[in-house]
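I open my notebook on a structure that is new to me.

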Amino acid sequence: MGSNTRKRRTPLAVKVTAASAALALGGGGLIWANFYASAHEANNGGKWGGNSTKAAAAQVATISCPDVGQKLTNVPNQARKDVDGELANLDRQITEAYQRLATTRDAQTRDASFVQNTILQPLKERRQNILDRIKLEITRVGGTAPGDLDTLANCTGTPASQTTPGGQNGGQNGGQQQGGQNNGGQDQNGQQNGGQNNGGQQQGNGGQQGSIGGQAGNGPVAADFVDITKVQPNVKAKPRNNRNASRGTFTTRCGVNANKNHNTDNVIVAPGVKNGAHHLHDYVGNQKIDAFASNDTFLQGGTSCQNKNDLSSYYWPVVRVQDGSQDFDQNSDGGGKEGNVGKILTPVQAQIKYVGSPTGKVVAMPQFLRIITGDAKTTTNGLANANAHWSCTGFENKVQLTEQYPVCPQGSKVVRTFAFQSCWDGQNTDSANHRTHVAFADANGNCQNGFKAIPQLTMRLVYNITPPTLANGQVKNAYAVDGFPEQLHKAATDHDDFISITQGNLANKIANCVNRGQNCS
């Protein structure tokens, strides 16, 4: 998803120098200090960057389309369900076009115009039809569609060199090329190392040359990994608490999805659409969340949480290790049919904690509040909404990665962390683009534009993963987060979803605990 006018980058996503970050390291601090880490590092140094190979610049690695959903910030409530359905159709079209791209590599080498004429132009025409329907749905109920909606029909082919960490890592965001810039400035450490055929496995492309790596031919590649011991400290200090700060915490224990509650839906973004996510999620908390769940049914869902008043839904894309094995969904939509392959890993820990604001008291979350943090489409959207944080146990207070997966040293585990938006507009439980009703606090921890501070949801997922190995520009036994197939399993596409569903006055109890400076569970 793209940027919007209310979103401000969380301090997690501020690029810091090694020198300034080092000043923040002093004292042990809690593991939750990692929520103020750098987000746009591009570490290709050491043995990991030096061994990567470079593909031909002309190779089209993936398809980049403007994210229409992020343009639709003012859709009347009466039209949202139909518009969300059409946006899901756009995602399906991109998935199908990418699959055609991935299975026609030989034809592409013989005909320089093949991609444009047989994939991109037909895709543009189909997208235009859906954009016309979206405009009709909005105007039918008295709304006004964005005037530039038609400009979002065109998609482009993104070269491999623009999809790697430190490279251009962009594509189109509202129809504009991001060009090789990270966070408003050129990344001098960037390398265009993509396009390698890593791991020697080309199952997704039938063994054709031109694979971009990974067990299914759609990533990850060697440049998507970095030896964390070679990365300079980059964690920034948290904002200092003032005397009115809400210093408490509330921990909810909901398990690690050991019961394998999975689906490829996303009821927030694509309600009523089966396989609307095009990738598999782990679910903890509410046990009956799928595309067809609604506010009327959430309260009957049951919960995996120890606190039975916590019926909230916490869900995230699964992590898989690409060791040549397959899982139960190898022949399913959202699974192997869409490039999400390998053995699904269950976290060994899933820590869910609500924390306070450094500048004042918080208000309780409203029932059915929906929040998405991060962006599943950063490979083509750019990093404006990226909120992925990867690290290793023993390094969390020092190094956080957004654009690369860590290779952890012996005895260390892989850690994914999320810090959700902590400011709420005080009125809406959702918004048309699922972002503008919530926002991140500013660098000092203050909510802007009249938004109110709510308990900040933080999550920490820990995995036992055998470190990938790199040799001759190829990665073996890579791991990666599930995602849309055209997003190439990049680390920056990691994201997390949440629906607040409580009973027994739990939402107020959480806020009161945090405001009183207590540590509750």
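Predicted model: local features only at pLDDT ≥ 70, side-chain atom pairs only at ≥ 80, totals over all residues.

Residues are numbered from 1 along each chain as its sequence is written, and side-chain values use heavy atoms, with hydrogens and water left out.

**Helix α8**

I list the buried residues of α8: Leu506, Ala507, Ile510, Ala511, Cys513, Val514 and Asn515. An α-helix has 3.6 residues a turn, so residues three or four places apart point the same way. What covers the buried residues of α8? I find β6 (249-252), β12 (349-355) and β25 (519-520) among the covering elements, with contact meaning heavy atoms within 4.5 Å. Just after α8, I see Gly517 with a positive phi of about 75°.

**Disulfides**

I search the whole structure for disulfides, pairs of cysteine sulfur atoms within 2.5 Å. The search finds five. In sequence order, the bonded cysteines pair 1-2, 3-4, 5-6, 7-8, 9-10.

I start from α8. Its Cys513 is joined to Cys520, and their sulfur atoms are 2.1 Å apart. The torsion about this S-S bond is about 105°, so the disulfide is right-handed. Cys513 is buried at 2% relative accessibility. Cys520 is partly exposed at 22%.

Next I look up Cys65 and Cys155, whose sulfur atoms are 2.1 Å apart in a disulfide. Cys65 sits in the loop between β1 (60-64) and α3 (77-102), and Cys155 in the loop between α5 (114-140) and β2 (156-159), so the pair ties together parts 90 residues apart in sequence. The S-S torsion of Cys65 and Cys155 is about 115°, so this link is right-handed. Cys65 is buried at 5% relative accessible area, and Cys155 is buried at 3%.

I then turn to Cys254 and Cys305, a disulfide with its sulfur atoms 2.0 Å apart. Cys254 lies in the loop between β6 and β7 (262-263), and Cys305 in the loop between α6 (295-298) and β9 (313-317), so parts 51 residues apart in sequence are tied together. The link of Cys254 and Cys305 is right-handed, with 90° about the S-S bond. Both Cys254 and Cys305 are buried.

Conventions
Buried < 20%, exposed > 50% of the residue type's maximum accessible area, 1.4 Å probe, protein only. Helix = DSSP H or I, 4+ residues; strand = E, 2+ residues; numbered from the N terminus.
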